[in-house]
Amino acid sequence: MKSTMRRFACMLSAVAFPVCFGVSPALGNDNAKPLFDRGKLLATGGVSQVEGAGGAGLTTWALIGGYGSDHGLGLTAHGTLVPLDDFTFRSAGLALGVFDRLELSYSRQWFDTGGTGAALGLGEDFTFGQDIFGAKLRVAGDAVYDQDRWLPQIAIGLQHKRAKQGAILAAVGASHDTGTDFYLAATKIFLKHSLLANATVRFTKANQFGLLGFGGADDGYDATFEGSLAWLVTDHWVAGVDYRTKPDNLAFAREEDAMAAYVAWFPSKHVSVTVGYADLGEIALQDNQQGLYLSLQMGF
Amino acid sequence: MRMAFQIAVSLLLAAPAHADTLFERLGGMDMITRISERTIDIAAADPLIGPHWEESNLVRVKAKLAEQICELSGGPCKYSGNDMVQVHKPFKFTNADFNRLVENLQQAMDESGVDHATQNRLLALLAPMQREIVTR
Ligand code: HEM
């Protein structure tokens, strides 16, 4: 009880008290344990997926981001850059893992239309964007320890998205400029085979992740799928592929499934680097949008 | 890209065949003894978890750990030590403690040149023991 209270005290004033960050020796005495304890195994928080939640590339995993154990917190910051053929996608954000149970995230996305903006009549470098507020709760299973059970780690979550450029979104036929996605994610690590598998069902109205607003000719929630398969090459290297289906609500342009392949390097619990290739299909009448997927994550 | 994606998926699904027993892959009893001794040496010197072993007979712990890994990996041993729950309960270990020891074991296996697929096969057998060892 005392230690729980201390944890919350640290949470409220984490920045001010170095003891919470493990500057003090964490020996025997329970009270000296750092709150940002980096108590999880390398790579077991995943990296920041495209919407800023713990996952990888395009998919949201059931793992809680960062390295806080079930008695600690973990904070991560990320920056992602995806230069596509006709557009440039960028995002930056923060995620906090709380007792390896709850994940709270914020991410900002920018979708720069570059020269294509002029061709589309939006103006050169017209930039779509959105804020994404995420919450994820682990409800069952443990992806790491449950090696003798079939039960995967299961989490439920939501992502509340607030898109910019509402007037343009209305003009292209989106019904709303805000929307909330709900998802159920299952992640299983098959340590025996050094593999990780993930399947997520998302209920969403988002057009191009929400960058093109929500709903349209079709304004109902769609159930979409996100799948990942990753090979745990070593404890410092993970290689994986993602596949994600998307709604196709807008009348003016077709929306296609997206996929990515990547390699993530975890030199330490403080840094990870993801380099990959993404194929987002047709976006705003520009077909075959592909490009490098680059993401840097810092952890505390 | 779509083609490359399909190739990558099929490569990932083609899990390597496990012809040898894990005991053999680890390098037999000599290597398991070496890994166990080194793991406990690293752990006992680790500022995060080392102090837990201050009162322990490290020679005994190393030998019992080696015996246990030998049995778990399909080798010709029978664990003769104390019950896992009884041994660890008084310490009220956390997941962070457990994971730290896993990291110490990974370091010991790295030093002994055990490949990562083999390391993960052993960790897959040890991971469920978290339920016996972590009590807080
Ligand atoms: C899968 C994980 C683990 C295995 C297989 C394991 C195995 C063992 C074995 C075989 C013994 C000797 C039992 C005996 O004397 O009969 C032992 C003792 C001990 N273990 Fe573990 N252990 C594990 C996890 C941990 C963790 C996470 C810690 C602490 C961070 C820990 C700390 C200790 C200590 C301090 C002793 C000595 C107790 C004494 O002196 O009586 N163990 N362990």
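Helices (H or I, at least four residues) and strands (E, at least two) are taken here as DSSP runs, numbered from the N terminus. By that rule I placed E255(A) in the loop between β12 (237-244) and β13 (258-268) of chain A.

Ground rules. I noted that this is a predicted model, in which local features need pLDDT of at least 70 and side-chain atom pairs count only at pLDDT 80 or more, while totals for chains, interfaces and linings use all residues. Residues are numbered from 1 along each chain as its sequence is written, chains are lettered from A and ligands numbered from 1 in the order in which they are written, and side-chain values use heavy atoms, with hydrogens and water left out.

Entry on E255(A). The side chain of E255(A) comes to 2.9 Å from the backbone nitrogen of Q208(A). For contacts I used heavy atoms within 4.5 Å. Setting aside residues up to four places away in sequence, E255(A) touches A206(A), N207(A), Q208(A), F209(A), K246(A), P247(A), D248(A) and E282(A).

Entry on chain A as a whole. I recorded 3 helices and 15 strands in chain A. Of its 300 residues, 56% are buried. I took contacts between residues at least 6 apart in sequence, and 57% of those in chain A join residues at least 24 apart. Chain A exposes about 11,500 Å², and carbon and sulfur atoms supply 65% of that; the area comes from the Shrake-Rupley method with a 1.4 Å probe, and for residues only the protein chains shown count as cover.

Entry on T274(A). Strand β14 (residues 271-283) of chain A holds T274(A). T274(A) counts as buried, because its relative accessibility is 3%. Apart from neighbours within four places in sequence, T274(A) is in contact with V47(A), Y262(A), V263(A), A264(A), Y293(A), L294(A) and S295(A). I also checked A239(A), 35 residues from T274(A) along the chain; their C-alpha atoms are separated by 9.3 Å.

Entry on aromatic pairs. One of the pairs is W150(A) with F190(A), edge-to-face, at 6.1 Å centre to centre and 65° between the planes. This pair links distant parts of the chain, 40 residues apart: W150(A) is in the loop between β7 (127-140) and β8 (153-163) of chain A, and F190(A) is in strand β9 (residues 178-190). W150(A) is exposed at 73% relative accessible area, while F190(A) is partly exposed at 27%. I then turned to F182(A) and Y221(A): their ring centres are 6.2 Å apart and their planes at 50°, so this pair is tilted. F182(A) lies in strand β9 and Y221(A) in the loop between β10 (195-204) and β11 (222-232) of chain A, so the pair ties together parts that are 39 residues apart in sequence. F182(A) is partly exposed at 39% relative accessibility, and Y221(A) is partly exposed at 42%.

Entry on the ligand. Which protein residue is the donor of the iron atom of the ligand? I found H88(B), through NE2 at 2.1 Å, and this is the only protein donor. Donors are N, O and S atoms within 2.8 Å of the metal (3.2 Å for Na, K and Ca); water is not among the atoms, so sites may look incomplete. H88(B) sits in helix α5 (residues 84-88) of chain B. An oxygen atom of the ligand is 2.6 Å from an N or O atom in the side chain of S56(B). For the side chain of R60(B), the distance from an N or O atom to an oxygen atom of the ligand is 2.7 Å. N82(B) has a backbone N or O atom 2.7 Å from an oxygen atom of the ligand.

Entry on phi. Most residues other than glycine have a negative phi. I noted R38(A), where phi is positive, near 45°. R38(A) is in the loop between α1 (2-12) and β1 (47-48) of chain A.

Key: Buried < 20%, exposed > 50% of the residue type's maximum accessible area, 1.4 Å probe, protein only. Phe/Tyr/Trp six-rings, centres within 6.5 Å; stacked < 30°, edge-to-face > 60°. Polar contact = N/O pair within 3.5 Å; in protein donor to acceptor, adjacent residues only side chain to side chain.
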